[in-house]
Amino acid sequence: RVKDEDRHKTVRYATCINLAIPHLTGDLVTYLTDDDIYYPKRFTNMVKVFKQNPKIHVVYGRQRVVKMNTDGGKKVFIRPLVGVTRHPMNRVDHNSFMHRRSCFDKVKEWDNNPSLWRNADAGFFRKLVKYWSFHPINVITDEHRIHPKGIQAKMKANKKPWEEKDTE
């Protein structure tokens, strides 16, 4: 557990991922944060791509984004696919992709430097694209939820989420 006074020292989810890497046992790796959900056919659709093409190392799906407002309203949109790409940064979300565990043979870990609080996934993607392209599947694989107490909303309001007591 990370103490509240230490939360700003690293990107917490990147730090947790790095702690888990030595314990991975499967051939494929994917990520899910606490305010997002995976859709039922996500794994089946993504695994199928890897089985059909052993040269592919990274896949990503379409993502439904739900932005919840304080008044109970919400906006919904689908994050568009960007095709096969070496430029997924800020275009693909870390909850929407899957990669081979063997990627960690070249890319040892996520960068958890606190300067990446807004986009640690982009930092990891920059490392991955040195070796592999991101391959799309035209399926909505997950749902990303943005809510007023979430880290994204706090940072957009120029607040420090690690200092906010109501951050979820």
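**Note on the predicted model**

1. Glu143 is buried, at a relative accessible area of 11%; buried here means under 20% relative accessible area, exposed means over 50%, and partly exposed lies in between (1.4 Å probe, protein chains only). The model is predicted: local features need pLDDT of at least 70, side-chain atom pairs count only at pLDDT 80 or more, and totals for chains, interfaces and linings use all residues. Residues are numbered from 1 along each chain as its sequence is written, and side-chain values use heavy atoms, with hydrogens and water left out.

2. The side chain of Glu143 meets that of Arg145 in a salt bridge, at 3.1 Å from N to O. The criterion is a side-chain nitrogen of Lys or Arg within 4 Å of a carboxyl oxygen of Asp or Glu. The structure holds one such bridge. Arg145 is partly exposed, at 29% relative accessibility.

3. Strand 3 (residues 58-68) is joined to strand 5 by three bridges, and the two run antiparallel. Val58 has His99 of strand 5 as its bridge partner. Strands (E, at least two residues) and helices (H or I, at least four) are DSSP runs numbered from the N terminus, and two strands pair if DSSP finds at least two bridges between them.

4. Strand 3 also pairs with strand 6, in the parallel sense, over ten bridges. Here Gly61 is partnered by Ile137 of strand 6.

5. Met68 is bridged to Lys74 of strand 4. The two strands form a hairpin with five residues between them, and Gly72 in the turn has a positive phi of about 95°.

6. Helix 3 (residues 120-128) is mostly covered, with seven of its nine residues buried. The buried positions are Ala120, Asp121, Ala122, Gly123, Phe124, Phe125 and Leu128. These residues pack against helix 1 (12-20), strand 5 (97-100) and strand 6 (134-146), where contact means heavy atoms within 4.5 Å.

7. How many disulfides does the rule give? The count comes to zero, a disulfide being a pair of cysteine sulfur atoms within 2.5 Å. As for individual cysteines, Cys16 is partly exposed at 43% relative accessibility, whereas Cys103 is buried at 1%.
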